Amino acid sequence: MPPNVQRYPTLSHWGAYTAVVRDGRLVACEPFPHDPDPSPMIHTMPEMVHSPLRVARPAVREGWLRRRGTGTGRGSDRYVEVGWDVALKLVHEELARVRARHGAEAIFGGSYGWASAGRFHNAMSQTRRFLYAGGGCTDQVGNYSWGAAQFLLPHVIGTWQPLTGKVTDWNSVAAHTRLILAFGGMPLRNAQVIAGGAGAHTARDGLRRTVAAGARIVVISPSRGDMPADIAAEWIPIRPNTDAALMIGMAHVLLEDGRHDAAFLSRYCHGFERYAAYLRGAEDGQPKTAEWAAAICGVPADTIRRLARDAAACRSLVNCTWSLQRAHHGEQPYWACIALAAMLGQIGLPGGGFSFGLGSINSAGNPRIDAAVPEFHEGRNPAGRSIPVARIADMLLHPGATYPFNGKEYRYPDVRLVYWAGGNPFHHHQDLNRLHAAWQRPETIVVHETWWTPTARRADIVLPTTTTLEREDIGASSRDRYVFAMHRALPPQGQSRDDYEIYRELAALGGYEAAYTEGRDARQWLAHMYAGMRARWAQDPALPPAPDFEAFWRQGYLALPAPDRDFVLFEDFRRDPLAHRLHTPSGRIELYSERIAGFGYEDCPGHPAWLPPAEWLGADAARHSPLHLISSQPARRLHSQLDPARLAGARKIHGREPVRIHPDDAAARGIGDGEPVRIHNARGACLAGAVLDAGVMRGVLVMSTGAWFDADDATLERHGNPNVLTPDIGTSRLAQGSSALSTLVDIEPWTGALPSLRAYEVPVAPDA
């Protein structure tokens, strides 16, 4: 190895790799040798670490400097670079002012994961710990990924844990499953990533082994592309947002045929009689027959009957992607999925029952023994306030208003200061024009950011932060069998600092440094966290002894042994439902929930139901906006991360995000392949590049999220960010999750000159 070349092991959400550094620059990333299916996103890191889009120095918005306490100009102002002492003094003064005048709940601690795979330098954890130590804040609960299911499932099965990957594993599926009903498909583009980092990408291998063993896979999705092209599968196109109706129609077939497992339903479930009455039409006079379901979802009645009977005739697994519940009434397909699996009677059997997220994230189905990972404790929030994560704009626009959530009534706080570190709300949130308007209301917005993202460009004070390659950390996921030492490969670029160091200095200014740091620097925290994990491993005779911290650091990673048996979801419960009763009121699977029924929510009744979304192809609104837009996860970036990289840019058309459209829909509008188009509805409009695809059903558009938001006003988003079109409404009063996938639009050719893109401009004043 040349003397000027060094290699450093590290980890990202899209995989482990070795960073190759030459003469102080990152020049290559070598995938972890034990990863059977490494993500190409690893190779984007050199250009992103050394990108001209890096926030080089602390910066303050010109308009805020002239007049503190006003949001006028956010998103269009330039920034003045200042020294760290000045920037930290401004932030400290604002935190102290708002706390003193308006209370801790007037500070919103905004952070939304995915900023780092490291367990210590996790922006959300660090932000919470800092704000909690200083007196508290308004926090956020839930998430955009599976927020509706997170608050439904505890009522139905007693836990939301199956959402995070602890489902029947691929070994059991490959050995036993003979039919997979893949609602939403299994889009392995999503399985490139895992929160906490991936040492091994296992989803593709698991799917291939399942097919090789003779399993039949049925993809039920508006897009054939939601299953890898090299996987033999039957595609059944379905109208978006109607999966619950199809499942309910299948349940009716099982009931009328007498193919439902009455013994399982009696012993392991609660409330089947109420659900059966709904299926037969006792509530509304409408039996939920295959013909009824076909009229809603567009799947022929004979196909619905065939699917139900085929599922009852063999070991079958009903899998739902996370995307199904990111829709208006998104709770219903998950509850209907559980009810369908319960009627089939295979829950708790190897390869049978239901599953969530196979194909949605790398961790789902990944075989792993239970073992602790390093933990960093955030502490307790003295303010005791939080909002559902997808209700940010409502909070900012309607301070003091009440809202229902999971059986209770809450009040939105009057937020004066937003402190955001990690994540990009101008990617994750819906109706971005509405969010932009709401974003003008706080008096001050502070953002920690590595690049000049859309969120950084709408802050008042921007503090530059390091990438994972510029600091030390420990990476691990509770669903991956590796623990990684993340070595620092580069010095901090520009004047960037770690979040921990920024918060330490601010805590010192506020007089609570000791409470925040507990007297430890970053390296001492890593050793402390590792020691806690090592001690917990030592208490489990099934785990190998972990080396001491220094030996682990030199070695670079630890590998857990493969599990000695397959994991089957609810296997213990099926074996003994009394000894392993669920954490539901009945101790069983609740097909009817008296608790939910008692909430009195018309948009989430006490059993699974078909509830028409506000926007779907059967709604009156479809007369004016006749296409259903599916805003999918991207294949070449993680959310909006890595969007400026060449990998993501290579698939863009005229610099815009591609939108897939059926050739007949394109021909009816005079749209040619590769041509620029304008997608629009009453909420906004964006540009995109058309891709003609017969694998998308008619009446549907498919467009990935993550293009950096690029708009000066509500007239036109230039880059192809579909969240200018998606509705900012809760899934229901129960969960208040994101309804991004309930979106109607229309599309037309763009005939004028294409406007210049500004998403990647650096907004620092030239004389700064």
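Which helix gives the most to the lining of the largest pocket? In this predicted model, helix 4 does so, with 3 residues. The legends below describe the pocket and a pair of helices.

**View A. The largest pocket of the predicted model holds about 1200 Å³ of space.** A total of 36 residues line the pocket. Those closest to the centre of the pocket are Arg119, Asn122, Met124, Trp146 and Ala195.

**View B. Helix 4 and strand 7 contribute to the lining of the largest pocket.** Helix 4 spans residues 123-133 and strand 7 spans residues 138-141. Each of these two elements supplies at least two residues of the lining. Sorted by class, the lining of the pocket comprises 13 nonpolar, 18 polar and 5 charged residues.

**View C. Helix 3 and helix 17 cross at roughly 60°.** Helix 3 covers residues 84-102, and helix 17 covers residues 499-510. The axes of the two helices come within 10 Å. The crossing of helix 3 with helix 17 is right-handed.

**View D. Residues of helix 3 and helix 17 form the contact between the two helices.** On helix 3, the contact is made by Trp84, Leu88, Val91 and His92. On helix 17, the contact is made by Ile502, Glu505, Leu506, Leu509 and Gly510. By class, this contact has 6 nonpolar, 2 polar and 1 charged residues.

Technical notes:
Residues numbered from 1 in each chain as written. Predicted model: local features only at pLDDT ≥ 70, side-chain atom pairs only at ≥ 80, totals over all residues. Heavy atoms only, no water. Axes fitted to C-alpha atoms, helices over the stretch in contact; angles between N-to-C directions. Helix = DSSP H or I, 4+ residues; strand = E, 2+ residues; numbered from the N terminus. Left-handed = near helix turned anticlockwise from the far one by under 90°. Contact = heavy atoms within 4.5 Å. Nonpolar A, V, L, I, M, F, W, Y, C, P; charged D, E, K, R; others polar. 1 Å grid on protein atoms, 1.4 Å probe; cavity = no way out; pocket = protein on both sides within 12 Å on 5 of 7 lines; lining within 4 Å. Points joined across faces, edges and corners; volume = space filled by probe spheres on them.
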